[in-house]
Structures are given as C-alpha cells and as structure tokens.
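Here are my notes for you to read with the model open. Take the points one at a time and find each residue as you go.

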Amino acid sequence: MSFIGILNGKFEREGYGLNNFSNGDQYFGYFENDLRNRHGIYFWAPQKKTSLIHEECYYGFWKDNKKDNRGLYLWMDEPEGNLDFQKANFDCYIGDIKDDKYTKGTYLTKKGDDYYLYYGLFDENGKKNDKN
C-alpha cells in the first residue's frame, strides 16, 4: 500500500490524499482519522471474468470508510480489448446511500441491447423495493 498526502501528528492520513492499495484498488479523496470521510472517488482494480473485464468505481461521500450520503456507483462488464462502449453491460446507481446501502435513487442497467430503469426506494438491505 502507498499513500501520497497529508499525515497528522499521529501519522494518520488526514486531509486529501491518494491511496494505492496492494490489490490494485485506488482512492483519491479526503481522509479524517485515517479513514475515508467526506468525499472522494474509489476505483476497484479491474478483474478478468471469463472473456469480460469487470470494473467498478464510486464517486461520492464517505463516512468512516463506508459509502454514505449521496453518490454515483458504476459497475461495468466489457469484452476484453473493447473500444466500443455500446458493447459493454453496466449497472449504475445515483442517489442516497446510508452505511454502504442504497436508500433512494435511480438504478440503470444495460444488458445487451436492453436498458432497465428503476427510480424509488430501496429496502433495509439496499435492494430495490418493487412495491414502489
């Protein structure tokens, strides 16, 4: 793990910085008490799954290393070497988040040539509440 940024007197991350994790994940944003807090962007290292590359990122607010308040979360599976975004499948959530769980927002999914859109509330497990 490497960190470029500000450390406080206890050598804890404090303020804006860039954290590169040993697994390839990256976070650029604000740290408070050595934890991700306030706002930042987190990129998960790309993962190869069969012939697809899986990528994720989250841009938004954090509280004690958890996604919290409002944010944009994007997951994408695309063919290896793909240069055409239209061939990628993706899921995207934008809205309110509490303790790493969706609460109210918009969820967009693209699978093949089909798009699905959901707007509404999410249950206590962060799952779409189809009653809405």
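1. Start with glycine 5, which sits opposite glycine 17 in S2. Its strand, S1, pairs with strand S2 (residues 13-20) in the antiparallel sense, over five bridges. Strands here are DSSP runs (E, at least two residues), numbered from the N terminus, and two of them pair if DSSP finds at least two bridges between them.

2. Before you go on, remember that this is a predicted model: local features need pLDDT of at least 70, side-chain atom pairs count only at pLDDT 80 or more, and totals for chains, interfaces and linings use all residues. Residues are numbered from 1 along each chain as its sequence is written, and side-chain values use heavy atoms, with hydrogens and water left out.

3. Now zoom out. Nine strands make an open sheet, in the order S1-S2-S3-S4-S5-S6-S7-S8-S9, with antiparallel pairing. In general, strands of a sheet pair through backbone hydrogen bonds, either parallel or antiparallel.

4. Which residues have the most contacts inside the largest nonpolar core? They are Tyr73, Trp75, Tyr93, Tyr102, Tyr107 and Phe122, in a core of 13 residues. A nonpolar core is a set of buried Ala, Val, Leu, Ile, Met, Phe, Trp, Tyr and Cys residues joined through side-chain atoms within 4.5 Å. Elements giving two or more residues to this core include strand S3 (26-32) and strand S5 (52-63).

5. Not counting residues up to four places away in sequence, tyrosine 73 touches, among others, Trp44, Cys57, Tyr93 and Tyr102. Contact means heavy atoms within 4.5 Å.

6. Is alanine 45 buried or exposed? Alanine 45 counts as buried because its relative accessibility is 11% (buried is under 20% relative accessible area, exposed over 50%, partly exposed in between, with a 1.4 Å probe and protein chains only). Alanine 45 lies in strand S4 (residues 35-49). Leaving aside neighbours within four places in sequence, alanine 45 is in contact with Asn23, Gly24, Asp25 and His54.

7. Finally, check two backbone angles. Asparagine 69, in strand S6, has a phi near 100 degrees, a positive value in a residue other than glycine. Aspartate 100, in the loop between S7 and S8, also isn't a glycine, yet has a positive phi of about 70 degrees. Asparagine 69 is partly exposed at 43% relative accessible area, and aspartate 100 is partly exposed at 35%.

Key. Helices (H or I, at least four residues) and strands (E, at least two) are DSSP runs, numbered from the N terminus.
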